[in-house]
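Good morning, everyone, and thank you for making time for this short talk. Please have the sequence and the picture open while I speak, so that you can follow each part by eye.

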Amino acid sequence: MTALQEARPSGAVEPPARPAEPPAPRRGRTALLTGGLLAALLLLALLSAGVGAYGIPLGDVLASVLHRTGLGGHALDRTAESVLWNIRLPRVVLAVLVGASLGCAGALMQGVFGNPLAEPGVIGISSGAAVGAVGAIVLGAGFLGTWTVTVFAFAGGLLTVVVVYAMSRSGGRTEVVTLILTGIAVNAFAGALIGLFVFFADNAQISQITFWQLGSLAQATWPKVLAVLPCALLGLAVAPLYARRLDLLALGERPARHLGVEVERLRVALVLVVALLTAAAVAVSGIVTFVGLVVPHVLRMAHGPGHRFLIPGSALGGAAVLTAGDLAARTLAAPAELPLGVLTALIGSPFFFWLLRRTRRKQGGWA
Amino acid sequence: MIGVFRRRVRELPAAVEPGGLVAGADGVRVVRGRRAVLDGARIAVRAGEVLALVGPNGAGKSTLLSVLAGDLAPSAGTVRIGGRSAGAWSAPELALRRAVLPQTAELSFPFPVEEVVRMGRAPWAGTARAAEDEEAVAEAMAATEVTALAARPFAALSGGERARAALARVLAQRTGLLLLDEPTAALDLRHQELVLRVCRERAAAGDAVVVVLHDLGLAAAYADRVGVVHGGGVAADGPPDGVFGAELLGRVYRQPVEVFPHPRTGVPLVVPHRNPQIAKSPQNASFD
């Protein structure tokens, strides 16, 4: 109550009913942030398409892209054209798709769990999806063509989200400790299953799996892009529809229901969307952690927790971060290539640690 | 699977004339664990009336409120809201008919106060009454004196400020039925009075207000009707001066009380019977 007196020193005098002003500065900031993210993403994508062992100047990249889309420009020589369209661009597109999926999935998960520490990698959903994908590789399943790995990853991811959700909730809430511990358990179990698959795998499969676990976009091809495109696009298109209801869910389950949110239905739908997005990401890039944690967090600090910006913003931000990350992975130790997952974990883990400390301080410690 | 992504078309609520039945529970039984928290509870909620639910801790006041809100389906008995069985409404339809203030206000993300209040308007999105949004938010914030806190993060508020901001959200919902679970618990004297004045205003405007209270003085001063929840049912139901008798209250609270009219207003005052040797003598609190 002291804060109240500070806010209104006049005490007994009734303040005049001042109409609440529409959040005009916020709207300006939304436009600014969205524009900034889009510009950054575009710039990084062009840069990533040009930089590498075979350098292509920015102007040539633009010219070739314009030429192929029939908007003018000109074709490059055969080598440059081949490098750009068969190696670089699928990789850039894949980085954008995977990053957007991971960022968006992170924002959704945090909203569903009502917990800023929820992230597909941290709570084990990526591992679950990886088990599905590794299973598909080792068992040599191919009945769905290029989709097989994606479908298996989706099944694994979905199963894991459901398990984590069921295990980490009590009394309509998800405590931080329960969530993290559930993540540890799920990651351990998934690790064991992957280990088991590795045990039964032949040499070629083992190298494929190892690569998976480190997370990388090095094997990007257009068929791979096509294999995840529907999953990623569907998830990204559907996610913003739930923004308003996720805002209400921040009040808690019951108050959200009082405001007309069919909470159970919302949860089922969002768990499906998260599994879809995570599967899309994991199926092509292996386990890339912390993007879904860091990006929504930074955006929440910059713009507040409203999901109408946070969901599309996290998709954009995730895409930009992963494009930058992949560019760094390719170029930092050239001609060798760093695994992307290792790179994001190197940067993401300290952030996660800081976040844990902060959350702990806010809650006054975890007994 | 398709049902997961679908939204039903909603019907806007019709106005109820003063005194008309807005919600009611009859013969309601709710079992928690092995204990029947409510058994045969019966209460009617009428438009234009403030109904206070009082009773000792654990008597089932909040449970009864949850039943009236349609949160809790009783294992026996009927619950009606807006002329229909509570279970027959969908969540979006119910949200147009009743607003609920929970005992504790929580928020997972640091939304500013104004956005929290604006969440109360969510049920009306896409209806004709969405045009009232700005006005409803501003009015609710002014009524609960949180206008000055509009830009502050909800989590940074004190307990009492949070309680008022949460109440503002509920008021902004502008439903014909308000269910408030201990809205005064965290508030100082001035704001307790403020909240109950707001309840009276809403009742005067034709809404039905149900409010769980611990302070019998507040209940006596502001409620049109008091329901004493005790022993799994509503032990007494009527105007405060009829219901608040020393015998009934003493039995229900297992604490002897004295009831006497306020010398100026005549409103019943309820004071625990105190032993002068232990407490200060009640005679010291003289009124003339």
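This is a predicted model: local features need pLDDT of at least 70, side-chain atom pairs count only at pLDDT 80 or more; totals for chains, interfaces and linings use all residues.

Residues are numbered from 1 along each chain as its sequence is written, and chains are lettered from A and ligands numbered from 1 in the order in which they are written.

As for the domains of chain B, domain 1 is made of 18–97 + 176–190 + 202–288, and domain 2 covers 106–174, with bounds that come from an automatic or database domain assignment. Their centres, taken over C-alpha atoms, are separated by 25 Å.

Chain B also has an open sheet of 4 strands, in the order β2-β1-β4-β5, with antiparallel pairing. Helices (H or I, at least four residues) and strands (E, at least two) are DSSP runs, numbered from the N terminus, and two strands pair if DSSP finds at least two bridges between them. Which strands stand at the edges? They are β2 (35–46) and β5 (84–85) of chain B, each with a single partner strand, so one side of each is left without a neighbour in the sheet. Strand β4 (residues 76–81) of chain B pairs with β5(B) over 2 bridges in the antiparallel sense, and there I81(B) stands opposite R84(B). Helix α1 (residues 61–69) of chain B packs on this sheet, where it touches β1 (21–32), β2 and β4 of chain B.

Elsewhere in chain B, strands β9 (residues 225–230) and β10 (residues 233–238) run antiparallel and are joined by 5 bridges. G227(B) stands opposite D237(B) in β10(B), and in this hairpin, which has 2 residues between the strands, G231(B) takes a positive phi near 60°.

Turning to chain A, we can look at helix α5 (residues 125–138) and helix α8 (residues 203–214), whose axes come within 10 Å and cross at roughly 165°. That makes α5(A) roughly antiparallel to α8(A), since angles under 35 degrees count as roughly parallel, over 145 as roughly antiparallel, 65 to 115 as roughly perpendicular and the rest as oblique. Axes here are lines fitted to C-alpha atoms, for helices over the stretch in contact, and angles run from 0 to 180 degrees between N-to-C directions. Among the residues making the contact are A130(A) and V134(A) of α5(A), together with I209(A) and W212(A) of α8(A). The residues of this contact between α5(A) and α8(A) comprise 7 nonpolar, 2 polar and no charged.

Finally, how many residues does each chain bring to the contact between chain A and chain B? Chain A gives 31 residues and chain B gives 35 residues. On the side of chain A that touches chain B, α11(A) gives the most, with 4 residues, and the residues of that side divide into 17 nonpolar, 6 polar and 8 charged.

Terms used
Two residues are in contact if their C-beta atoms, placed from the backbone, lie within 7 Å. Ala, Val, Leu, Ile, Met, Phe, Trp, Tyr, Cys and Pro count as nonpolar, Asp, Glu, Lys and Arg as charged, and the others, Gly among them, as polar.
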